[in-house]
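Please look through the sequence and the model together before reading on.

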Amino acid sequence: MSDLPFGFSMPNDPDDESGRRSGDSGSGAGSGRPGGGDSGTPDGFPFGDPQQMANMLRQFADMMSAQPGPGTGGDDKSPSGVNWEMAKDVARQTVAQEGDPSVPVSDYAKVEEALRLADLWLDQATDLPSGVQTAQAWSRSEWVEKTMDSWVQLCDPLTSRTVHSMGQNLPEEMRSVAGPLLGMIQQMGSMMVGRQAGQAVGELSREVVGTTDIGLPLAGEGNAALLPGGVERFSEGLEVPADEVRLYLAAREAAVHRLYAHVPWLRSHVSRLVNEYADGMSFDVSGLEDRLGEIDLTNPEALQEALGGAGGESLLQPEDTPQQKAALGRLETTLALIEGWVATVVSSAVSERLPQADALSEATRRRRATGGPAEHTFAALVGLELRPRRLREAAALWSALEEARGVEGRDAVWQHPDLMPGGEDLDDPDAFVSGGAGFGGADFDISSLTGEAPGARPDRGTTPEPGRSEDDGDDGDGARGEDA
């Protein structure tokens, strides 16, 4: 390790004859501290010249005071310290850089008509009533504005862990040496996370087609919308008429809104699984010292670049832990069940109405399973990919359940989280459908859940899943942290 903690380097004193320049790391002449061995710096002071350290901290304070103040979004901070109002502004700027024309009246009418028509088609494909309250066409900037609150709720538990870990996950000896510097890094880190998240949301607006691309209604239940620009980009290379593409994507949009409008526990369930994943996050700090060792602390731009990472990577990279893997498995299963149900219902609704329905279904499946460049960048920043890993298996289960129990029996499974298939049911859908390994039947009495031990499921016992403990139970509304 260099003479300065983490390999930090400080700019030279004007009288420094050691030959080191500002920004160089490692030891120089003499003691290796700024000013060389004759600088007069107290041997016990770990950051070089105390006056330079004080100047650097004053610069940081000036930079922080320049951030937006009350009334401009500066107080709109989450518990993590991330300024999400600033993130929204950055997202808007990202959108504006490439131009974002308003939606033409003709396109607006086409989208509105498609959403209404597709929603009518779904009446024959699902037992759940319509969930569409408004049908709109949005520009990219409108999408950013109206979905940002959902991004905050979804991402804040993850970004909070990242910012917190910038100081707390360092070895004890590093924390004791760094002192006030770690607080500065955490504050800078929260700023950088906010900026990066805003930029990622702005980039995502180029790839999305509506409000439900990730299986969650980002603009709230009932507010259905498509982005004509996104629909057009989706159709590139498909050789499918634009009207068919629009109707197919409208059917998917409306189907997700039906599900969330009439399954009241679903949104909180997904949010809780994201929180469980965040709680299990642990960070690899092995590269932290090397990264910070390259920073000139008096150069805010250098610190910003280091905290921002390169290639969309965060300064701290999450490590796989048993708790995190278990939570991720439950979240991915839930997303796969949502996506599989939507795919099944939409296919039933449009298969006889849209000649290219199969091609559109396959294109959507590939897109949902792999994601686009902006989505991968966003996942790298928040440490989570919202991918339905087992989409085909989930769709096959819903189809088998419909064949055996009918549409009503298939949709009745959404009545309660304890009725939902788990990861093991995707491996053996026949057992779930027959009721031998789970509920399966539409006539199951919800009241029989009353008094059950946490985690209990009829015919399954109370054995917890891998990665769960016996006391992982109710979340307050009967949901039990299952992987559904």
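Does Val 256 count as buried or exposed? In this predicted model, Val 256 has a relative accessibility of 3%, and because buried means under 20%, Val 256 counts as buried. The residue is found in helix H8, which covers residues 242-262. Leaving aside residues up to four places away in sequence, Val 256 touches Thr 212, Gly 215, Pro 217 and Val 342.

Helix H12, formed by residues 322-350, packs against helix H9, formed by residues 266-279, at an angle of about 155°, and the two axes lie 8 Å apart. Angles over 145 degrees count as roughly antiparallel, and H9 and H12 are therefore roughly antiparallel to each other. H9 passes H12 in a left-handed crossing. The residues of H9 that make the contact include Leu 266, Val 270, Leu 273 and Tyr 277, while those of H12 include Ala 327, Leu 328, Leu 331 and Ile 338. Sorted by class, the contact of H9 with H12 has 9 nonpolar, 4 polar and 3 charged residues.

For the protein as a whole, the secondary structure comes to 17 helices and 4 strands, and 53% of the 484 residues count as buried. Among contacts with a separation of 6 or more, 75% are accounted for by residues 24 or more positions apart. The accessible surface comes to about 20,700 Å², and carbon and sulfur atoms contribute 47% of that area.

Definitions and conventions
Residues are numbered from 1 along each chain as its sequence is written. This is a predicted model: local features need pLDDT of at least 70, side-chain atom pairs count only at pLDDT 80 or more; totals for chains, interfaces and linings use all residues. Side-chain values use heavy atoms; hydrogens and water are left out. Axes are lines fitted to C-alpha atoms, for helices over the stretch in contact, and angles run from 0 to 180 degrees between N-to-C directions. Helices (H or I, at least four residues) and strands (E, at least two) are DSSP runs, numbered from the N terminus. Angles under 35 degrees count as roughly parallel, over 145 as roughly antiparallel, 65 to 115 as roughly perpendicular and the rest as oblique. A crossing is left-handed if the near helix is turned anticlockwise from the far one by less than a right angle, and right-handed if clockwise. Contact means heavy atoms within 4.5 Å. Ala, Val, Leu, Ile, Met, Phe, Trp, Tyr, Cys and Pro count as nonpolar, Asp, Glu, Lys and Arg as charged, and the others, Gly among them, as polar. Buried means under 20% relative accessible area, exposed over 50%, partly exposed in between (1.4 Å probe, protein chains only). Accessible areas come from the Shrake-Rupley method with a 1.4 Å probe; for residues, only the protein chains shown count as cover.
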